[in-house]
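Have the structure open as you read.

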Amino acid sequence: MTEYLIRRIAQSVVVIFLITIVTFLLIHAAPGGPTQMMLSPGLTPEVMEQQAKNLGLDKPLPVQYLKWVGGLLQGDLGYTFKNHLPIGELIWPRIGKTFILMGSAWLVSILIAIPWGIYNSTKVYGLSDQTASFISYLGFAMPTFWFGIMLQQYFSLKLDWFPLSDMYSRGHEGEIGDLFMHLVLPVTVLSLGFLASYMKYARASMLEVLDQDYIRTARAKGVVERKVVFRHALRNALIPIITLLGMDLPILVGGAVLTENVFNWPGMGRWYVEMAISREYSVLMAITIVTAVMVVIGNLLADILYSVVDPRVKLGKQGGKTA
Amino acid sequence: MSIDNTGLSGALSSQSTGPAPLDPKPVPPADSVVKRPPGPWVMLWKKFSRNPFAMGGLIVLLFFIIIAFLAPLLTPYDPAAIDLMNANLGPGATDHLLGTDELGRDIFARLLYSARISLLIGFSVALASVVIGSVIGAISGYFGGWVDTVFMRIVDVMSSVPTLFLNILVMAIFGTQIKYMILILALTSWMSIARLVRGNFLQLREMQYVEAAKAIGVSNWDIIFRHLLRNASFPIIVNATLMVGGAILSESALSYLGLGIQAPATSWGLMLSNAQEFMLIDPLQALYPGLCILVVVLAVNFIGDGIRDALDPRQQGIKSRRRLDKWRKTYSKSEN
Amino acid sequence: MAENLLEIRKLTAGFATEHGLVKATDEISISIGKGQTVCLVGESGSGKSVTSLAIMRLIEYAGGMILDGGIHFHGEDLTAKKQEEMRSIRGDRIAMIFQDPMSSLNPVFTVGEQIAESLRLHQEKSPGEAMKQAIELLRLVGIPAPEIRAKQYPHELSGGMCQRVVIAIALACRPELLIADEPTTALDVTVQAQILDLLRNLQEELGMSILLITHDMGVAAEMADRIAVMYAGAIVEEGSAIDIFDQPSHPYTVGLLQSIPGFEGERGGELYTIRGTIPPLGQLPSGCRFHPRCPHAMDICRSQEPPDFLISGQHRAACWLFEDKPVWSGTNERGGKR
């Protein structure tokens, strides 16, 4: 177990290291590079040079890279160009706000999608299955931001049931009830996307399991159909589902770019777009790295979860079924 | 062996005449006219054309392609022409079919010209992804070893970066030009094709005919591109079709965020971005472009699924599956 | 006529496919007496497994259906039963073991839990009691250290062990009939012999009947009281094991026996093979289904399907070569143990 974990973590470190290089090179490949961005416009060349020196931008790229990675390792995500604020302090509250939004949407969609998908696997091509399939198609083909705009138009502007945007109404900051009302529309938008893929996945996973020999064995034993589905099949079908959920964990911190923009939600996604438009490269780099680390951790968690739910997979031993 | 395409419908239509279909099909006598078996493309089309969703998707997509090409003939208006005197007109009020937006631009004309951008980006991204993914997957799967390891690590890294984040980053750094958008969308979506082609090659590489080709001195590149890639072509097509929809959605998202298509050019995503600001004045403005995206992406996805189902011998259309169920109930001796 | 434990009469079962209805078994009749072992022998694709699934009424879950005929168990027609009624018979009075033991066991439950489940279902035992009996069953099927094994998962056991567990599950409620579908095919040769020995011993101990499905004439020779040879969905010859091996009558049976190495013919000589392959279901030739591969094919074979001719007492074959013999009445007298 530990040996396997160490190997997986080592692999993850390599992946993250590669991501830092790619991100760094990408930023420095920009026309003009970050130098121009970081320096105040309208300066004389001499002052510019002096300022570049102060920021360490005159050094060769490898040196700059090492300095940046060295900072990352010490938990220093750098500073914003414009106001020279520490990125670390700016990023965490935004991660939290995104987490509230995405976490709710994730929970709602899991609670709906997985039982529904499982039910549909037992009644393939029935009315419920067809409805679910229709919703899946919509979920995959609908631009989420458009769905958000439509909901805003109908439920906020026309019916005035829910607030149009933001996280809290003015003067109600920190109130749970107010937060809930603000969550309804964006959570609906985000859930549709999750719902589409989780439902499809749960159904497919169940169908595959229901086709296995051991299900036939259970029926040959005289197990009632309800128990065949919920006892024998479900536990096996949940294994890949849980893995998928684990892999999706990182979306919880960074996956709501569009919805946050539609609903003016003060989280990571909206901040990222703002920073991209104002070309705050160091913030973009920091967010990319933080998200990548989350992805890698999510994958690792998924692997560990997998070994917990599936007795066949003993981490460290070969021969287990792979995802 | 004869492949009887009318098997199901033939058997089903004779349902009312009694248990006739119970009789096993006789093997056609040897002296009957030997027809050449239809090629894979013909088979594919036959199955595809029997799927109403897939055919519907194809018709819708063709419709959008045609109106995109004929846009100048279908509307007298220039989609970029600003006419502040006639801003925010409702649909049908004047000879502006769907009215005008906040700058007095004709909404119908903008929708038509936007179709050009969306389809252009959708298809170019899919094409570029197929090229990148096939080459990398092919090399990786054919040569294996460290080449494979390196490429697969790259695939891992690329898949670890949230696509939309990377797209935004690149568009912000390099500037919002269509060529950059196509490039970055392709660079962030080739991985699935690479995995698919690699997997296919790992299997095919061991096949006899590859050995045979090698033995008669066919070069590695010839084997990859002439022999193996052709074998992987059907799954690639399915994947690429679904990618068209994804690219159209990504384009609209980037344009909506202000990091994609810029005025005076027009795109459905950009139209939505404008429309959201004027939601209170004209709620309908946001409806049209979104519907266009939805319908086109749905159409493309239906086509992709249709091809996939036509390729998969286990898949049958929903309709025929239902008929089989009904049929089963009619003939089965015991109740369930 | 004495009563048989299981009497299959003119059973037709099949599948609905895109190319029409395909019959996997065509009016087959088999009877199994109490304590008897009947072997159903044939190539893969001959409809053996469909027959077993039909008896269990599991065929509906595999997308197939029983089209016609009857399966009489203690005189009750199983084809007329509802699935709920079948559930109380399955695993209790009729049990089944399958070809691939590794995939037949649920990977997320311990083997003890899987055996105990049967007991809890049909004998309403408490969990503790059921587990105790499960351990006893593991001992019965010859698994050493059953207390430890009961707590293990299927992947921790070898293939032979798994098959013993599958047998323990099947025997948990002391069934009257055990259907064994190729129980040794997926196992090593040495393990095969052990499993067959085990089945024979358990049969003596528990007095059950066995329907053994196999493609291996050698297995049939070792186990069977009666043998039914199946070809392309029909039983082409049926008789006691002695009848079949001493006086094989249908050309297909003769071919099968001749293709066993060292059974007939000289050592080192060329091995006999039956030319051609079994026709795919739904593409049967006209007349006798075996005629395209038959060395004795006559004109009548191409046009007319042969009825079952009675060769001797309880030995029948569906072949025009025996046209001079009487036509079989459709039922067997109850056959005693060999």
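In this predicted model, Ile8(C) sits opposite Ile71(C), a residue of β4(C). The strands β1 (residues 6-17) and β4 (residues 64-73) of chain C run antiparallel to one another, with eight bridges pairing them.

**The sheet in chain C**

- Read across, the four strands go β2-β1-β4-β5 in chain C, and the sheet is open with antiparallel pairing.
- The edge strands of chain C are β2 (20-32) and β5 (76-77); each has just a single partner strand, so one side of each has no neighbour in the sheet.
- As a reminder, what holds strands of a sheet together in pairs is backbone hydrogen bonding, in either a parallel or an antiparallel arrangement.

**The helix on the sheet**

- Helix α1 (residues 48-56) of chain C packs on this sheet, where its contacts are with β1, β2 and β4 of chain C.
- The direction of α1 in chain C is at about 110 degrees to that of β1(C).

**The nonpolar patch on chain B**

- Two elements of chain B, α3 (52-69) and α4 (71-74), each give two or more residues to the patch.
- The largest share is from α3(B), with three residues.
- Leu70(B) lies in the loop between α3 and α4 of chain B.

Technical notes:
Residues are numbered from 1 along each chain as its sequence is written. Chains are lettered from A and ligands numbered from 1 in the order in which they are written. This is a predicted model: local features need pLDDT of at least 70, side-chain atom pairs count only at pLDDT 80 or more; totals for chains, interfaces and linings use all residues. Side-chain values use heavy atoms; hydrogens and water are left out. Two strands pair if DSSP finds at least two bridges between them. Contact means heavy atoms within 4.5 Å. Axes are lines fitted to C-alpha atoms, for helices over the stretch in contact, and angles run from 0 to 180 degrees between N-to-C directions.
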